[in-house]
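Biologist: I've got a structure open and I'd like to learn how to read it feature by feature. Could you walk me through it?

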Amino acid sequence: METTEKKFRKLSGGNKLDSRLTLTYFSIAFVTLFIGGLLGLLQGLNRAGLLELPANFNYYQVLTAHGILLVLVFSVLFVIAYFYSVLSHTMDGLFPVVRKMGWIALVTMLIGVVFVVTTVVMGKASVMYTFYPPMKASPWFYVGLFIVVAGIWMAAFGGFIQIAKWRKRNRGEHIPLLAFFAMGVFTLLFFGSLGVTAEVLMLIPWAFGWTEKINVMLSRTLFWSFGHTFVNIWYLTAVSLWYVVVPKVIGGRLFSDTLTRVVVILLVVSNIPGGFHHQIVDPGMSEGIKLTHALMSMVIGFPSLMTAFAMFFVFARVGRKKGANGVFGWITKMPWGDVRFLAPMIAMIFFIPGGAGGIAQNANQLNQVVHNTLWVVGHFHITVGVTAVLTFFGAMYWLIPYLSKRTLTPAMNKLGVIQTLIWTLGMLFMAGGMHTVGLLGAPRRTSYTTYGDSAVAASWDPYLLLLAVGGTLLTIGLVLIVYIVFNLMFFAPKGDTEFPIAEGEDNASDTPKWTERWSLWIAIMLFIVAFGYVIPLIDMIGNAPPGSAPFITW
Amino acid sequence: MKMHRYEKIWLFLAASMLVIAVVYSGVQTFALGQGPPSGVGMIDPEKVEETAPFDNPGISKIGENEYEVVMILRAFSFEPNAIEIPAGATVHFKMTSTDVMHGFQVIGTNLNAMIMPGHIQEAKQKFTKPGEYLVICNEYCGIGHQLMSMTITVK
């Protein structure tokens, strides 16, 4: 009796109260994506010299809003909603206290966002997503950021409580694989944001004028301890879909439960010091420390390369089962017309140049060539904008109907395929143009300029046009995905949609118990963070130049 | 933990590639002297103009075809904002900021560095090809950021 009921609940959208929570998150996330994306179009057009922005809503304001809305608001809301639905589905519903924390987290984050967005729109916080001091935004901007982080912590702790309670009730069982990913992501959300919170807590009194000076180098370093961790949170989220969902969609099995968990653990423990590679050409740090960090950043590449193997292994295995021969025979056996496969597959393919670009940027001389150029912007638009976001889009075609008790029709699937292709093409133009023109030296975060009719700057113009073309295509893709998400939420035909979770191979070996020792993984993570940061931070605090007074330069 | 033989080979190659990248970065930095700009000198950002050598920004000859350029970056200009050097000269840059963070990128070369208030950044570059090099600020520094540029003329 109980099992049929369980099965019914799983088929028909799980716990209704949980679905309402996560659907609310998703709705706000996609409205944010829409606004943030349109701001991106304005920038692309301006940068190509096709559009002049008004003084009361200039390029740098638009860029700040674009970065914060997409990087912070959209992605965080998405990740939390996705993992809350994962926890609800795989653990037979959220515990009431956890659901409540989910709602409080949402309201808290939105209050913070209102502070942040209002100050940006008023022109009092054109400080970019990185808000490097001594550039000083309105103090309420930083207060808003702090409130957003408090909301994120609330959501992360909700996740911890859910998993802890479930483990207590299900002694001896492994937490479900997707919930294991959730544990990794919530761990990174919390610990990864500690550094930036410390920074914000120093900036608030300074911005109010209660303290006079700020340590610029320290702030920047604390910022990047979070800046890159966040990127890897989206990435880890996308990876969870690749390992667990994609095999099921193509009719296969898990690669290996144990190895998948090892990848999660490796990504969690090695992640936070990875942000240091943003500071390779900074002053104030010896070359020795920079090299140590180059090594520590490079470690993140290892679990990614494990993932690359796992994915192609799964494809090959499924292909062979369906009668494919040879090394690449599986390609013809994949369900390319199924958007639930197509979108994450393209996402994975883009991770090949994306990941390679990441490794390249981590080397001293290569970093110097591309540091702060549009190359970097191209890099994160293919990693975040395709690898992560297209995977997220791919999840929407089954997760939204699952939650709203509706179905994906063939027509909607077709529209999804079109959306995916337009998005891919848009990113190819835009990120391709950015990579190329970045190698030629074109800077990032700069509005349209000719640098006093410089000939070399003029030679960038044809490539910058690609930004406008790509941005326009992406905007079409944006309209389509928002339409699709809300259609699946409210208008698609009623019915049951499955939450696709691949099972292990019949002869798969048992997952060892040690994978569950999260206290140990967190201890190792903290040790590695300490190894990377204690010496530089002590040096930056103890051996600092006189601090900086605030500047408002816009 | 069972691992496929191909997977072991793949991961061995992957790890080797990452190790080689780091080792080569080390060789470049310490053996070939091509490390990233990493000046460790400090200065009071409010007293830049009165502190040597920044009380006298500009170019000076310090050896056989070797020059030192002392430079102040501020929103939204470089001081000096144009320099001239003979072809083949090695130039040692010493830079700091009086206000916010700036970037220093010489287009067409690998020279690219962050300039922060309170820190003295150092970088050197040999200019072999004659021509006019565009130098830009590549870290957002405010409303006039896109105007912040200068030139290095190599004769």
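Biologist: Let's start with A:Asp282: is it buried or exposed?

Modeller: Keep in mind that this is a predicted model. A:Asp282 is buried, because its relative accessibility is 0% and the cut-off for buried is under 20%.

Biologist: Which side chain does A:Asp282 meet in a salt bridge?

Modeller: That would be A:Arg220, at 2.6 Å from N to O. A:Asp282 sits in the loop between helix H9 (257-270) and helix H10 (287-298) of chain A, while A:Arg220 belongs to helix H8 (residues 216-249) of chain A, so the pair ties together parts 62 residues apart in sequence. A:Arg220 is buried as well, since its relative accessible area is 1%.

Biologist: How many salt bridges does the structure hold over all chains?

Modeller: There are 16. Another of them pairs A:Asp257 with A:Arg261, at 2.7 Å.

Biologist: How should I read the spacing between A:Asp257 and A:Arg261?

Modeller: Here's the general idea. An α-helix has 3.6 residues a turn, so residues three or four places apart point the same way. In this case, A:Asp257 and A:Arg261 are four residues apart in helix H9 of chain A, so about one helical turn separates them. Both A:Asp257 and A:Arg261 are buried.

Biologist: And what about chain B: which side chain meets B:Glu49 in a salt bridge?

Modeller: B:Arg74 does, again with an N to O distance of 2.7 Å. This pair links distant parts of the chain: B:Glu49 is in the loop between strand S1 (41-42) and strand S2 (58-63) of chain B, and B:Arg74 is in strand S3 (residues 66-74) of chain B, 25 residues away. B:Glu49 counts as partly exposed, because its relative accessibility is 42%. Salt bridges can also share partners, and that joins A:Arg167, A:Asp257, A:Arg261 and A:Glu516 into one network.

Biologist: Let's turn to nonpolar residues. Which members of the largest nonpolar core touch the most other members?

Modeller: They are A:Phe26, A:Phe30, A:Phe141, A:Tyr142 and B:Ile152, out of 227 residues in that core. Helix H3 (residues 59-90) of chain A gives this core its largest share, 23 residues. There's also a second, separate core of six residues, among them B:Ile43, B:Val48, B:Val70 and B:Ile72.

Biologist: What does A:Phe30 touch?

Modeller: Leaving aside residues up to four places away in sequence, its contacts include A:Phe74, A:Phe78, A:Phe393, A:Met396 and A:Phe486.

Biologist: Is A:Asp18 buried or exposed?

Modeller: It's buried, because its relative accessibility is 3%. A:Asp18 lies in helix H2 (residues 16-47) of chain A. Not counting residues up to four places away in sequence, A:Asp18 touches A:Ser88, A:Gly93, A:Leu94 and A:Arg99.

Biologist: How about B:Thr151: where does it lie?

Modeller: B:Thr151 is in strand S11 (residues 149-154) of chain B. With a relative accessible area of 22%, B:Thr151 is partly exposed, because buried needs a value under 20%. Beyond residues up to four places away in sequence, B:Thr151 touches B:Asn81, B:Ala82, B:Ile83, B:Glu132 and B:Tyr133.

Biologist: Now for the two chains together. What is the area buried between chain B and chain A?

Modeller: First, the general idea: the size of an interface is often given as the accessible area lost when the parts come together. Here that area is about 5,600 Å², and carbon and sulfur atoms give 68% of it. Chain B puts 63 residues into the contact and chain A 74 residues. Two salt bridges are found across the interface. B:Glu139 and A:Arg445 also meet in a salt bridge, at 3.5 Å from N to O.

Biologist: Finally, how should I read the confidence values?

Modeller: Where pLDDT is low, the predicted coordinates should not be read in detail. Chain B has a mean pLDDT of 93, with 99% of its residues at 70 or more. For the complex, the predictor gives an ipTM of 0.93 and a pTM of 0.94.

Conventions:
Residues numbered from 1 in each chain as written. Chains lettered and ligands numbered in written order. Predicted model: local features only at pLDDT ≥ 70, side-chain atom pairs only at ≥ 80, totals over all residues. Heavy atoms only, no water. Helix = DSSP H or I, 4+ residues; strand = E, 2+ residues; numbered from the N terminus. Buried < 20%, exposed > 50% of the residue type's maximum accessible area, 1.4 Å probe, protein only. Contact = heavy atoms within 4.5 Å. Core = buried A, V, L, I, M, F, W, Y, C linked by side-chain atoms within 4.5 Å. Salt bridge = Lys/Arg side-chain N within 4 Å of Asp/Glu carboxyl O. pLDDT = per-residue confidence, 0-100. Buried area = accessible area lost by both parts, 1.4 Å probe.
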